[in-house]
2 protein chains.
Amino acid sequence: MKRASIKDIARIAEVSVATVSYVLNKKEGSRISETTKNKILEVAESINYIPNKIAKSLKMSKSKLIGLIVADISNDFYSNIARSIEDEAMKLGYTLLIGSCDENPEKFKKLTELFSEQQVDGMIIAPVVDSDEVINKLIKEEYPIVTIDRYLKNVSLPGVMINNSEISEYICDHLVKKDFDEIIYVGYDTELPHLLDRQDGFDKRIAKSKVSSKTILIGIHNITEEVQTKLEENLDLSKKTAIYFSSNKLGIAGLRYLIDKNISVPEQVSLVAFDETEAYYLFPTEVSFIQQPLFDMAKESVKLIDSQIDNYTPNGKRVTFHAKFMERSSVK
Amino acid sequence: MKRASIKDIARIAEVSVATVSYVLNKKEGSRISETTKNKILEVAESINYIPNKIAKSLKMSKSKLIGLIVADISNDFYSNIARSIEDEAMKLGYTLLIGSCDENPEKFKKLTELFSEQQVDGMIIAPVVDSDEVINKLIKEEYPIVTIDRYLKNVSLPGVMINNSEISEYICDHLVKKDFDEIIYVGYDTELPHLLDRQDGFDKRIAKSKVSSKTILIGIHNITEEVQTKLEENLDLSKKTAIYFSSNKLGIAGLRYLIDKNISVPEQVSLVAFDETEAYYLFPTEVSFIQQPLFDMAKESVKLIDSQIDNYTPNGKRVTFHAKFMERSSVK
DNA sequence: CTGAAAGCGCTTACAG
DNA sequence: CTGAAAGCGCTTACAG
């Protein structure tokens, strides 16, 4: 069905499209008489007028669209971020496009192109490995972009992140002080800087201790399987051991392994896991976890992108939030 | 930075914008010489041309945008659906707008308006209670809409759903045959038809049995708390009891209660839960659950909306998928 | 094989 | 207080 346009209103109300536009946009300066104003409003209402934002976007060179690119929207972590971003973006009048790139630089590139073609005013991205080139290209075009969660080593971009290294160091310190025989770090075999930071923080603290440690690195595919086989190989229950899972997915896979093997927490092994997820709450022992201030991060990312859209500045600021260690009963 | 347009290409390549448009769109019929074609392609490449889909949308009255409205994108169930929809939509050249309405008809309305203004070609929606009016308005405009997961009682809309009543009846039957003293249905205090169907299916089967039953209905807010207090009131461990949680959120809340109370499954109580969620995998006992074919549903919903966009038909078809009972060890 | 022109639905500087 | 007109970046029927 053909939608009503400003032209239809103008025709019916017997005024010009300019006048209709002025009235509909409630411009302060425009001095339209109450009579015509009311007539226009009535007609708009009666023919069920819905403004065509695409036409407006074209004219204004502003789409009021924001693109969000994450690794996978079905991951708890990102869907929670997406939800908060959605709410904040909406408050500022933006609508959200969402895309998942599965850690795949090709898909990532595709999404940036797609969003760019759809004329999003800006993008909030969690960049993947090997996305530097694509992003540099966007930066050269002065496309407003902010990062969330992740950041790039060789590209300076405004964004929000947490104190990955510090919090990891803190967790390690916490464990070191508990006098474990061995502490196992479970991380990803990746080049993503924020994850390397977590590993570095851990390494830094462990190096200063006398505690024996192991680092298990997992590929991003087949997480569940790989975590299980590698824990099988590395977990020595004769030692007093603590395991530090550096992401929610690793944590879930690890916890599942412990359940399967009937290993009790914290009696036989202690553990800490990164991120917060409903799943942790169903584990028989309350899981000590590291909580990222997702809501605040999301809110700040929207604030940043909005200000970049409003007034682009190269090398915009990077905001670091503090993750919080939520101590529960999974560490003895 | 000003983006390059077709006009820039035309100017540099010394051809008309029409010719550029033809080349860029690789139209079969258009017989442009290889020479000019190559020149145009080269220029486009060199000035980093990105097509403006908004201009194209305006001209074509097709935005290649699809809106998805769910209750909450941070809910596992919906984020999984969203992910599959995203992938399928992308394959057909659509980009996805996502909105969460929190079961709030006002927000739902707002989202439909927003999406409508953004000229989405169609919407995939999980309608909320009291959204009939808004939806009827959209139907009157012949706006392509398909439902997913949910449906409306008094409004006929194409969409995908599962056999809620049947599967519930089946689950109840399964439990009845196991000779429990009491079976507790945990559901929502709601008017959402698909949830009432689950309840009806259960009731239908239980009525034909001699098993004692209880129905616990929970408000959509404070789920965790309410599930716990109501289970506390209603669960009588002296009886051989089975609990049927009719959604993932209810299941998670219920499982948490059982953990807190140290009630072992299936020794002291048996249970079945609707939907699939990572969380179930961390429960000490493997949870028997009802799996919805989310991927197939998502895929079909995209297929339906695409065909509605292509060729609008009132009273489009409703596709019912079959949920699957995944029997694990939580029922004795 | 290629181009001039109209038009999609808006906004806004300018004129009156 | 109101309107005519230009223009945002495209597509396409038509003409040549």
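Trainee: Where is B:Gln119 found?
Mentor: In this predicted model, B:Gln119 sits in the loop between α6 (105-117) and β3 (122-125) of chain B.

Trainee: Why is B:Gln119 called buried?
Mentor: The cut-off for buried is 20 or more other C-beta atoms within 10 Å. B:Gln119 has 23, so it counts as buried.

Trainee: What makes the phi of B:Gln119 worth a remark?
Mentor: Its phi is near 65 degrees, a positive value in a residue other than glycine. Most residues other than glycine have a negative phi.

Trainee: What is the phi of A:Glu103, and where is that residue placed?
Mentor: A:Glu103 has a phi near 60 degrees, again positive in a residue other than glycine. Its place is the loop between β2 (95-100) and α6 (105-117) of chain A.

Trainee: Why is A:Glu103 called partly exposed?
Mentor: Buried takes 20 or more C-beta atoms and exposed takes 12 or fewer. A:Glu103 has 19 other C-beta atoms within 10 Å, so it falls in between and is partly exposed.

Trainee: How do you know that the bond from A:Val265 to A:Pro266 is cis or trans?
Mentor: Look at omega: it is near 0 degrees, and the bond is cis. A:Pro266 lies in the loop between α11 (248-260) and β9 (269-274) of chain A. In chain B, a cis peptide bond joins B:Val265 and B:Pro266, with omega about 0 degrees. Most peptide bonds are trans.

Trainee: Now to the helices. How do the axes of α8 and α9 of chain B cross?
Mentor: The axes of α8 (residues 164-176) and α9 (residues 193-207) of chain B come within 7 Å and cross at roughly 35 degrees. The crossing is right-handed.

Trainee: Which residues make that contact?
Mentor: Among them are B:Ile167 and B:Cys172 of α8(B), and B:Phe202 and B:Arg205 of α9(B). By class, the contact has five nonpolar, five polar and eight charged residues.

How values were computed: Residues are numbered from 1 along each chain as its sequence is written. Chains are lettered from A and ligands numbered from 1 in the order in which they are written. This is a predicted model: local features need pLDDT of at least 70, side-chain atom pairs count only at pLDDT 80 or more; totals for chains, interfaces and linings use all residues. Axes are lines fitted to C-alpha atoms, for helices over the stretch in contact, and angles run from 0 to 180 degrees between N-to-C directions. Helices (H or I, at least four residues) and strands (E, at least two) are DSSP runs, numbered from the N terminus. A crossing is left-handed if the near helix is turned anticlockwise from the far one by less than a right angle, and right-handed if clockwise. Two residues are in contact if their C-beta atoms, placed from the backbone, lie within 7 Å. Ala, Val, Leu, Ile, Met, Phe, Trp, Tyr, Cys and Pro count as nonpolar, Asp, Glu, Lys and Arg as charged, and the others, Gly among them, as polar.
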